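Please open the model in your viewer and keep the selection tool at hand. We will go from stop to stop together.

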Amino acid sequence: MQDFIAALVSFFLIEPLQAEMADKLAAARAPQAIVAEVASCARTATPLILARATSEPWWAASTAFGLWFGTTRPEGLLVEVAPGCAGAVQAARPFLSENDGEPYQRILDPDELDWRLEVTQVPTGELPAAVAEASRHPFDLATEVPIRAWLFESGADESVLVLVMHHIAGDGASTAPLARDLSAAYAARLRGEAPGWEPLPVQYADYTLWQREVLGGEDDPTSPLSVQMEYWRRALAGIPDELTLPTDRARPTTASRRGHRVPLRIPPDVHARLAELARAEGVTPFMVLHGALSVLLSRLGAGTDIPIGIPVAGRTDQALDDLVGFFVNTLVIRTDLTGDPTFRDVLGQVRQRSLNAFAHQDVPFERLVEEIATARSLGRHPLFQVMLTVQNMERAALRLPGVLAGGAAAVVGDAVAVSGRYDLHVTVGEDFDADGAPAGLHGSVTASADLFDAATVDRIATWLSRVLAALTADADVRVRSVSVVDHEERDRLIRGWNDTAGPVPGGLLLDRFASRVVVSPDAVAVVADGVAWSFADLDRVSNRVAWFLRGQGVGPESVVGLCLPRGVQMVAAIVGVWKAGGAYLPVDVGYPAERVGFVLADSGACLVLAGGEVPGAGVPVCVIDGPEIASCSGDPVESAASEAGLAYVIYTSGSTGVPKGVAVTHGSLANYVASVAQRLGWGGSGARYALLQAQVTDLGNTVVFTSLATGGELHVLDEAAVVDPEVVAGYLGEQRIDFVKVVPSHLAALASAVGAERLLPGRSLVLGGEAASAAWVGELLGAAGDRKVFNHYGPTETTIGVATTQLTAEMVADGVVPIGSAIANTSLFVLDGNLNPVPVGVTGELYVAGAGLARGYVGRAGLTGERFVACPFGSGERMYRTGDLAKWRSDGRLVFAGRVDEQVKVRGFRVEPGEVEAVLLAQPGVDQVAVVARDGRLVAYVVGAVEGLREAVAARLPEYLVPAVFVALPALPLTGNGKLDRAALPVPGVVAAGGRGPVGERERVLCEVFAQVLQVDVVGVHDSFFELGGHSLLAIRLLSRIRARLGVEVKIRALFEAPTPAALAEKLGSQKSTRPALRPMRREKP
């Protein structure tokens, strides 16, 4: 039969009437032959196997579907008519069961059918609820037939008949013959006659057997079923597991199947253009709709491989038209939009792929799922998430003499819950006027309520109408040129949500610090290492530094390296460099010598201020507390800083294998501090801030510079303290800290030991540096109570941060954590590949413009020009291409949605895997390498020898860039187009070093907690915590568990010195926990 259908479709759509067409039709089986074949099948097989299409609703969702219609004021004859009508329908009389995993049906004789119309008295006000409950009837197909009916009587002259049929017994096309039979039976009873139906040429059970016989089995490679199955394997190879759509919330683990439905209306003029385009291109109007929907989905962020589900009636013979049963099947048709084709090209592709699919439509959809959908999820529909349906079937209509039929439609329609089986389901039908001319399209867009708000579904319907109008007006338009944003939304996206212009109060940061020295010289400015310095103290020491640097020739645009531990000297050095007119370059004292030498040389640093020797410096090194600086004057220094002047240079990981230095000006920094303090509610003399980050990144600058500019009291916790949960919790509480900024993974590690509530400051907490899960943020907000929690976002290239928002439990309840809206004098744009704004809810790349932009990359003009590009929405403005994916919420806040490249965040540090890969590829014996992030750790997959790689990388890169695990592979997995298949990279396994087992209780417990924290099965006594993938944040959890299990106190330093269970057990000896709380111990004058 599929040969006959394919020939007809080709005849009407593609080929002119030619001589060879007659041969095609003659070779195809005529539909009359189908009736004979079906009738010849045995009808007495007991039990009967199910039709292939009905297997899916039997297994997948026996309660999720229902067909219903209603009528008001039925006469009492319906009570006896309905059972007789149901008994006449063979598809409504099976019991179902399974045998050896195969579903079977047993057809009851009409006399066996114990089925009746349920008559229930219902108050008028409760009628909608009663109808809704009936529509959700859960069928048990092993014990009841798949059709139920209720008669709800709500008054003397009003009742509602509700008929619900499980999809296994009927599809949408079944409602018309069922309604006709019910109407005929009712009319016959009114005449005092028994209903008499003409015998159908075939019954559904006949069709079931015939289908199995004609298609054959998959064990026969030449059978029609096997041939069609092979087609689908090729057609759906590499199909995306999930389409990216403009959802409002994260996908749940299990779909609820609740939905929102909004109307879809296409005006007559667009309908007319659609019909004309279809004729011109030799396609059906449905194919034009299919192509337009594919284009819309691509423009909404779904990519270029767009699979859409298409239902086909499956009634491939006239003899099946009046049969009640489940014939419908679902086809998956992909549209390839790579290369930015014209819409005319898209139509040609849709036509050919549709014809191919129709010619292979007999393979049941659930069989495709079993064979092809390897990644299954209860939260989404397999193989496709978007369905397109054209309404072209006969509508069911009850014609009951003396009864107002159909009056219940509003009651039933409003009461029956909208089903959201798919992420999106577009249903469209055509209207024509009296002359047969196009009069518009009508339909609906239904979306999953798990993912979308009703307002978003309404926007999607509007976008589809807009796109269809544009494509039918110009079929030669290219896909990427199609805009779904109208003028009003474009103005809101470009200007309305970026209306952030305002003055920068207080001037430059150095000026604001100087004013604090005058206003409150004796107020505490910095507390660190048990020492407290006042603003006057800090001013005096920074003056000495400034006079010394000026003596060394430091002035505007000079770069001074600061290789100092966090604390008062680091803060004094920063201020001193600025007073001298220079810019500071933070250098981690733990960096490898090669890295230190590179950043100092690349930045053009003229000297380094340090606490001691700096291996690999290559420039003069001056000791910060040495006599050269101590002997300098502490008198005021006239500042040489200017708004356009360079304030600092910070290096970040580079994708080409070379780190890059970001140059930030004083004006950008002043704008940030003034704006963010106001947005966060930070400021006020004496407010207490705690710094938990190393000062080699800009993350902690929010705390440091806000405190200095507003007269706050900055508390700097040392490197060992910030990874000790008890110390941090005790310090924040005892010192009554008001404000803290922290990396989410750092806070989560600390909280796992002491709970989040003890780690929250008195007034507000700011999250930054990386994305946080909504579930974790929700728990954090619960612990915070009245204390505020903010999210903060911004790349180093945009001066610390550009967006922020206060988080609430309601805001993150949908599984999404927004990063906020723009700070003052900043513009945020979410753009597509053509630099056009994308609509609300659609993912695009985030660009930043405004006062916060850095100058660019030091000595890298080409890279600066690539990332800092001309802004198309301003006059002569630049904007920074972040590489981050984001989308707008309807409230004007942004949501982070990933990266356009492979950049990742590890413990708040920005990591370009390419930089690590470049170092690995330089090692002898390494042929190929791929570095990815897994569970907050870097994993290196290496083709070649892995021995000694950890040491080689650690000698050249900072600790956070050293992979935690090295996995040897014979070859890297590749996709069909030759790219790295990251999804196919194996989960790294960890092999214990072997040797003796643990000796004594202490070694045994240490082996257990090592394994628990590292998430491996077993750890040997000589296995190193760090070689097995441990890092500082995991070390926090390890030390906490050791304390809980053994009652001993372990310092981070001890773990570094003794990283194996055996060595650590020996080092601990018999010590017990006697840790005092960290607190300021003395007030010293510097």
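**Stop one: a helix and its neighbours**

Select helix H29: its buried residues pack against helix H20 (593-603), strand E35 (909-911), strand E36 (926-934), strand E37 (937-944), helix H30 (949-954) and strand E38 (965-968). Contact here means heavy atoms within 4.5 Å, while helices (H or I, at least four residues) and strands (E, at least two) are DSSP runs, numbered from the N terminus. This is a predicted model, where local features need pLDDT of at least 70 and side-chain atom pairs count only at pLDDT 80 or more, but totals for chains, interfaces and linings use all residues. Residues are numbered from 1 along each chain as its sequence is written, and side-chain values use heavy atoms, leaving out hydrogens and water.

Now colour the buried residues of H29 (residues 913-921): Pro913, Glu915, Val916, Glu917, Val919 and Leu920. Buried means under 20% relative accessible area, exposed over 50%, and partly exposed in between (1.4 Å probe, protein chains only).

**Stop two: the sheet**

Next, show E36, E37 and E38, which form an open, mixed sheet in the order E36-E37-E38. E36 and E38 are the edge strands with a single partner each, so one side of each has no neighbour in the sheet. Strands pair if DSSP finds at least two bridges between them; E37 and E38 do this in the parallel sense over four bridges. Zoom in on valine 939, which stands opposite valine 965 in E38.

**Stop three: a loop**

Finally, pick glutamate 557, in the loop between helix H18 (535-551) and strand E15 (559-563). Glutamate 557 is not a glycine, yet has a positive phi of about 75°.
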